Amino acid sequence: MTKALHGVRVLDFTHVQSGPTCTQLLAWFGADVIKIERPGVGDITRSQLRDIPGEDSLYFTMLNHNKRSLTLDTKTKQGKEILEGLVRVCDVMVENFAPGVLDRMGLTWERIQELNPRIILASIKGFGPGPYEDCKVYENIAQCAGGAASTTGFDDGPPLVTGAQIGDSGSGLHLALGIVTALYQRTHTGRGQMVRASMQDGVLNLCRVKLRDQQRLARGPLKEYPQYPHGEFGSSVPRAGNASGGGQPGWILKCKGWETDPNAYLYFVAQAPVWESICKVIEKPEWITDSNYATPEARLPHLKDIFAGIEEWTMQHTKIEAMEILNKYDIPCGPILSMEEIAADQSLRDTGTIVEVDHPGRGQYLSVGNPIKLSDSPTEVVRSPLLGEHNEEILKDVLGFDEATIVNMFASGALGAVPLRAAE
């Protein structure tokens, strides 16, 4: 079966997480992704957080599936020749270098267009144009600069970052959409273009409801926040604990076993259309007609009391038992699942959301599969490449070099110390 991005060739100049997230997604959809790495070193994450001596780390393997690895010293004459040859034949070039690095390599946008006017140059940076555009940015910095940290946590505590990689992986997902959109536009114009995604912009896009609330705050207190009605609101959106952030009040509640199990909790949404069912399930039928609880507006000043009452019921059940009961009445809820529970969830394996991958050095490991499912382009997750594994293959099949040229390229040191015929 032909994959969705079959025939699209991607020159992957990315490293760590934001860029590799983007290019791995393209590879999962069938693009031929050629990852350019420093000879002898490779992507820095090959050795970061390494759990098996001498083997690629899970940090690397879980972000670089379905790619080919080419080691290249672009400072050598032959290395630059190979690089420019790849620019000529690739559809997309993706990079997440610090600002200015690509220009210093001699690959200005003007030079790239000279080599290939149809290529799409996609870049991830920490910030967009402005006073901070030259600053180095990592995941947690992006979360802070994009507004996520200031609105995460409890009101009486410090700002918090989230465990979800919304700065790195979130930016990669945004960039992938931009690339596919540019590829589609190219079918009409015949031209390539630049695609940019900043980490700050990506985080802010995921925090849009908080920008919504900032504007609402100017017109009065945010009644769905736990600070209402007894707390004070300042001039900016406060941290809201586990409040839902939407029009339906929600909170995390203890379940049976919470004293010993740190994940024995359930997220419960007190949705207005099923309020009567909620009251009956938790055995508080008097709330149905009580003037303090009968309408959504009336309930807002009493949310803490309401969730305390619901928690009395959830603490009598495990989180799974509570979910099964509540789902019978269409009451929105969800268990707090640990990574241990997610890793063992058979349904996630059945859908390819969690996959088992074999690696020649590490053996078998679990990874996250493609979160986007296409009926006509199913994803097959292929292990990450060894450093320089596809050097000869790429020189021969992509650039069309003959045997003598390939031997000369290896001898020149342009590909580092990886021996000839590293790929099998």
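**Entry 1: a charge over a ring.** I started with Arg 299, which lies over the face of Trp 275 at 4.1 Å from the ring centre. The model I am reading is a predicted one. I then looked up Lys 254: this residue lies over the face of Trp 258, at 3.9 Å from the ring centre.

**Entry 2: aromatic pairs.** How many aromatic pairs does a search of the whole structure find? I noted five. One of them joins Phe 154 and Trp 251, edge-to-face, with 6.2 Å centre to centre and 70° between the planes. Phe 154 sits in the loop between α6 (139-145) and α7, while Trp 251 belongs to strand β7, so I wrote down that the pair links distant parts of the chain, 97 residues apart. Phe 154 has 43% relative accessibility and therefore counts as partly exposed. Trp 251 is also partly exposed, since its relative accessible area is 23% and buried would need a value under 20%.

Next I checked Trp 275 again, this time with Trp 287. The two rings are stacked, 6.0 Å centre to centre and with 0° between the planes. Trp 275 is in helix α10 and Trp 287 is in the loop between α10 and α11, so the pair ties together parts twelve residues apart in sequence. I found both Trp 275 and Trp 287 buried.

**Entry 3: helix α12.** I compared length with expectation for α12 (residues 303-314). Its twelve residues should span 16 Å at 1.5 Å a residue, and the end C-alpha atoms are 16 Å apart, which agrees. Its buried residues include Leu 303, Ile 306, Phe 307 and Trp 313. Among the elements that cover the buried residues of α12 are β7 (250-254), α10 (275-281) and α13 (319-327).

**Entry 4: helix α3.** I repeated the check on α3 (residues 77-89). The 13 residues should span 18 Å, and I read 19 Å between the end C-alpha atoms, which agrees. Buried residues of α3 include Gly 79, Ile 82 and Leu 83.

**Entry 5: nonpolar cores.** Which residues have the most contacts inside the largest nonpolar core? I listed Val 10, Leu 26, Val 92, Val 94, Leu 175 and Ile 179, in a core of 35 residues. Elements giving two or more residues to this core include α1 (18-28), β4 (92-95) and α7 (168-189). A second, separate core has 31 residues, including Ile 34, Leu 83, Met 93 and Leu 115. Going back to Leu 26 and leaving aside neighbours within four places in sequence, I found contacts with Leu 5, Val 10, Ala 31, Ala 176, Ile 179 and Val 180.

Note on methods: Residues numbered from 1 in each chain as written. Predicted model: local features only at pLDDT ≥ 70, side-chain atom pairs only at ≥ 80, totals over all residues. Heavy atoms only, no water. Helix = DSSP H or I, 4+ residues; strand = E, 2+ residues; numbered from the N terminus. Expected span 1.5 Å × (residues − 1). Buried < 20%, exposed > 50% of the residue type's maximum accessible area, 1.4 Å probe, protein only. Core = buried A, V, L, I, M, F, W, Y, C linked by side-chain atoms within 4.5 Å. Contact = heavy atoms within 4.5 Å. Phe/Tyr/Trp six-rings, centres within 6.5 Å; stacked < 30°, edge-to-face > 60°. Lys NZ or Arg CZ within 6 Å of the ring centre and 35° of its normal.
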